[in-house]
Amino acid sequence: MKLVITDELKNNIYTVNVDIKDVTNEDTELFSDYGGQRIDISALVKKTVTEEVDNGDGTTTPTSKEVTLVNEGASYKYMLTDFPITKSFSVVQYGDDAEFIAKEYGKLIETRAKAIIDNLKSKPDNFSGVREVIL
């Protein structure tokens with residue numbers, strides 16, 4: 001299974017499309033065994049901004065702080081069944097940060113999807129197997 005992230009810029013709107021491709025029988029069985037897996041598709045994008053702070057004596061000191069650019073409430077979709085997902089970020093709404101936000105959003109969904117798959121694959125199957133009992 002692979003996650004395919006497609007970025008597109010059209011009319012000052014940065015669009016991120018995330019889809020799941022090449023799902024194998026083993027992948028399907030994994031989801032069947034453990035049920036539908038929800039992924040948070042909301043955007044939470046921050047960036048570090050450095051500002052020069054006036055010291056009052058003619059000098060300045062650089063100070064960094066984290067600024068939240070987008071903070072949406074949680075929104076969930078089920079992996080496999082609810083994909084693809086598409087999210088757009090317009091220059092009108094986000095200004096010069098729109099491209100940065102779109103790129104970070106793609107990375108965020110990638111991180112969340114990978115964590116879900118890694119978690120599923122790490123679960124041991126202590127049930128399946130064959131027992132032979134001599135009677």
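Reader: Thanks! To start, where is Asp 19 found?

Author: Asp 19 is found in strand 2. Strands here are DSSP runs of E with at least two residues, helices are runs of H or I with at least four, and both are numbered from the N terminus. A word on the source: this is a predicted model, where local features need pLDDT of at least 70 and side-chain atom pairs count only at pLDDT 80 or more, while totals for chains, interfaces and linings use all residues. Residues are numbered from 1 along each chain as its sequence is written, and side-chain values use heavy atoms, with hydrogens and water left out.

Reader: Why is Asp 19 called buried?

Author: Buried means under 20% relative accessible area, exposed means over 50%, and partly exposed is in between (1.4 Å probe, protein chains only). Asp 19 has 15% relative accessibility, so it counts as buried.

Reader: What makes the meeting of Asp 19 and Lys 21 a polar contact?

Author: A polar contact is a pair of N or O atoms within 3.5 Å; within protein, one must be able to donate a hydrogen and the other to accept it, and residues adjacent in sequence count only if both atoms are side-chain atoms. The side chains of Asp 19 and Lys 21 make such a contact at 3.4 Å.

Reader: Which residues is Asp 19 in contact with, leaving aside neighbours within four places in sequence?

Author: Contact means heavy atoms within 4.5 Å. On that basis, Asp 19 is in contact with Lys 2, Leu 3, Val 4, Phe 83 and Pro 84.

Reader: How do you know that Phe 127 is exposed?

Author: Phe 127 has a relative accessible area of 76%, and therefore it is exposed. Phe 127 lies in the segment after helix 3, and its C-alpha atom is separated by 54 Å from that of Gly 95, 32 residues apart along the chain.

Reader: And why is Ile 117 buried or exposed?

Author: Ile 117 is buried because its relative accessible area is 13%. Ile 117 has its place in helix 3 and touches Met 1, Phe 31 and Met 79, not counting residues up to four places away in sequence.

Reader: What makes a space a pocket?

Author: Rolling a probe the size of a water molecule over the atoms shows where empty space is left. On a 1 Å grid over the protein atoms alone, a pocket is an open set of points with protein on both sides within 12 Å along at least five of seven lines, whereas a cavity is a set where a 1.4 Å probe fits but cannot get out; lining residues have an atom within 4 Å of a point. The largest pocket holds about 210 Å³ of space, where grid points are joined across faces, edges and corners and the volume is the space filled by probe spheres set on the points. Its lining includes Met 1, Lys 2, Met 79 and Ile 117.

Reader: Which element gives the largest share of that lining?

Author: Helix 3 does, with six residues.

Reader: How do you know that Gln 37 counts as buried?

Author: Its relative accessibility is 15%, so Gln 37 counts as buried. Gln 37 is found in the loop between helix 1 (25-34) and strand 3 (38-40). Its side chain reaches the backbone oxygen of Tyr 34 at 3.2 Å, and a polar atom of that side chain lies 3.1 Å from the backbone oxygen of Gly 35.
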